[in-house]
Amino acid sequence: MCLIQTLSRQPRVNGQHDAIISEGLFYRVQDVLDSKARTYRPKVKTIENFPLRGFFLCPQCGQKLTGSKCKGRNKYYYYYHCHKDCKWRVNSEIANKIFKDHLNKFKPLPEVKKLYAAVLLEGYREHGVVASEKKKSLEQIAVYEKKLSVARNLLVTEKSILKITIL
Ligand SMILES: [Zn+2]
């Protein structure tokens with residue numbers, strides 16, 4: 001049994017000794033153990049100038065940076081920026097280039113390149129299967145909603161006929 005599982009089963013008493021870890025960290029670990037942890041997903045919707053929106057964190061306050069464009073005299077300028085109160089920002093072209101240059105430092109070793117490509121391809125295919133199942137489910141929901149709509153219309157019509165008959 002791991003230490004965290006052992007600790008989580010102990011009755012909780014505050015204030016008897018200094019905490020080894022923060023209470024927040026403890027509960028996050030508990031969430032992971034209970035599989036309740038939220039998966040961090042940056043916004044998928046993006047535009048060309050902000051491919052990294054949702055991935056960058058503000059170096060001053062730690063908030064997720066968003067992106068927007070500002071109109072200059074002759075052209076637009078694109079920035080990743082923090083929220084209104086912080087005001088930290090960086091030109092998106094510069095930030096994207098720095099990130100791209102940094103990524104280029106990580107290249108798979110030639111001997112594992114094929115395996116790496118196979119792993120990526122497998123992940124891509126699995127993602128495609130999930131997307132396909134989701135599409136099927138949405139189509140099935142649309143069919144059910146249509147049937148439900150027809151059933152409601154029939155019910156309303158039947159009630160109207162019934163009222164007319166009673167009158
Ligand atoms: Zn900030």
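**A walk through the sheet and its surroundings**

Let's start with two strands: β1 and β2 (residues 76–81) run antiparallel and are joined by six bridges. That's enough for them to count as paired, since DSSP has to find at least two bridges between two strands. Strands here are DSSP runs of E with at least two residues, helices are runs of H or I with at least four, and both are numbered from the N terminus.

A quick word on what you're looking at. This is a predicted model, where local features need pLDDT of at least 70, side-chain atom pairs count only at pLDDT 80 or more, and totals for chains, interfaces and linings use all residues. Residue numbers start from 1 along each chain as its sequence is written.

Back to the strands. β1 and β2 make a hairpin, with four residues between them. Across the pairing, Ser-68 sits opposite Tyr-79 in β2, and Cys-70 sits opposite Tyr-77, also in β2. On to the next strand: β2 and β3 run antiparallel too, joined by three bridges, and His-81 has Arg-89 in β3 as its bridge partner. In general, strands of a sheet pair through backbone hydrogen bonds, either parallel or antiparallel.

Put together, this gives an open sheet of three strands in the order β1-β2-β3, with antiparallel pairing. β1 (66–71) and β3 (89–91) are at the edges with a single partner strand each, so one side of each has no neighbour in the sheet. From one strand to the next, the twist averages 35°.

Now zoom out. The protein has four helices and three strands, and from the N terminus on they run α-α-β-β-β-α-α. Helix α3 (residues 92–103) lies across β1, β2 and β3, at about 75° to β3. For that angle, axes are lines fitted to C-alpha atoms (for helices, over the stretch in contact), and angles run from 0 to 180 degrees between N-to-C directions. Contact means that two C-beta atoms, placed from the backbone, lie within 7 Å.

What about the inside? Of the 167 residues in the protein, 5% are buried. A residue is buried if 20 or more other C-beta atoms, placed from the backbone, lie within 10 Å of its own, exposed if 12 or fewer, and partly exposed in between. The largest nonpolar core has six residues: Phe-50, Phe-56, Leu-65, Tyr-79, Tyr-80 and Cys-82. Such a core is a set of buried Ala, Val, Leu, Ile, Met, Phe, Trp, Tyr and Cys residues joined through C-beta atoms within 7 Å.

Two loop residues deserve a look. Gln-63 is in the loop between α2 (23–33) and β1, and counts as partly exposed because it has 14 C-beta neighbours inside 10 Å. Gln-63 and Cys-86 are 23 residues apart in sequence, yet 9.3 Å apart in space, C-alpha to C-alpha. Lys-87 belongs to the loop between β2 and β3. With 11 C-beta neighbours inside 10 Å, Lys-87 counts as exposed. Lys-87 also has a positive phi of about 70°, although it is not a glycine. Most residues other than glycine have a negative phi.

Finally, confidence: the mean pLDDT (the predictor's confidence in each residue, from 0 to 100) is 79, and 79% of the residues reach 70 or more. Over residues 1–8 the pLDDT is below 50, and beyond near neighbours in sequence this stretch has six contacts in the model.
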